[in-house]
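I opened this notebook to record what I looked up in the structure. The entries follow in the order in which I made them.

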Amino acid sequence: MATAFSIARVGSIVGAIGAPHDVVVPIETVIFRNIGLRGRVSPVRRYIPELLEDVLEGNMNPGLVFDFTTDLNGIAEAYVVMDERRAIKSLVQVGTI
């Protein structure tokens with residue numbers, strides 16, 4: 001949030017998607033630089049029934065977003081690489097499909 005507000009131009013709006021946790025909005029920046037904040041939750045569960053069949057049939061590959069793969073023993077490392085911005089999204093593989 002700090003990065004988004006620091007690079008936003010005067011009068012712009014920062015958008016946030018998802019359910020934020022421990023987010024601090026720099027209220028001084030909002031007021032003195034006239035930067036707005038808009039957001040909402042992302043209702044991804046609503047689309048699972050519609051899209052799951054395409055994924056299972058191989059018509060759609062949602063895995064393209066994952067750039068770090070691990071097993072159950074590497075979950076802690078998966079969080080670390082995302083926190084350090086060395087990965088965007090981690091995939092935890094359990095068994096085989």
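Entry one, the surface. I noted that Leu72, Ile75, Tyr79, Val92 and Val94 form a nonpolar patch with about 480 Å² of accessible area together. Such patches take residues with over 30% relative accessible area and no salt bridge, joining nonpolar side chains within 5 Å; a salt bridge is a side-chain nitrogen of Lys or Arg within 4 Å of a carboxyl oxygen of Asp or Glu. Areas come from the Shrake-Rupley method with a 1.4 Å probe.

The model is predicted: local features need pLDDT of at least 70, side-chain atom pairs pLDDT 80 or more, while totals for chains, interfaces and linings use all residues. Residues are numbered from 1 along each chain, and side-chain values use heavy atoms, without hydrogens or water.

I found Val94 in the segment after strand S4 (90-92); strands are DSSP runs of at least two residues, helices of at least four. Val94 counts as exposed because its relative accessibility is 59%, the cut-offs being over 50% for exposed and under 20% for buried. Thr70, in strand S3, is buried at 12%. Beyond four places in sequence, Thr70 touches Ile75, Ala78, Leu91, Val92 and Gln93, contact meaning heavy atoms within 4.5 Å.

Val14 stands opposite Leu37 in S2.

I placed Arg9 in the loop between helix H1 (2-7) and S1, exposed at 71%.

Conventions. Two strands pair if DSSP finds at least two bridges between them. Patches are made of residues with over 30% relative accessible area and no salt bridge: like charges are joined within 9 Å, nonpolar side chains (Val, Leu, Ile, Met, Phe, Trp, Tyr) within 5 Å. Buried means under 20% relative accessible area, exposed over 50%, partly exposed in between (1.4 Å probe, protein chains only).
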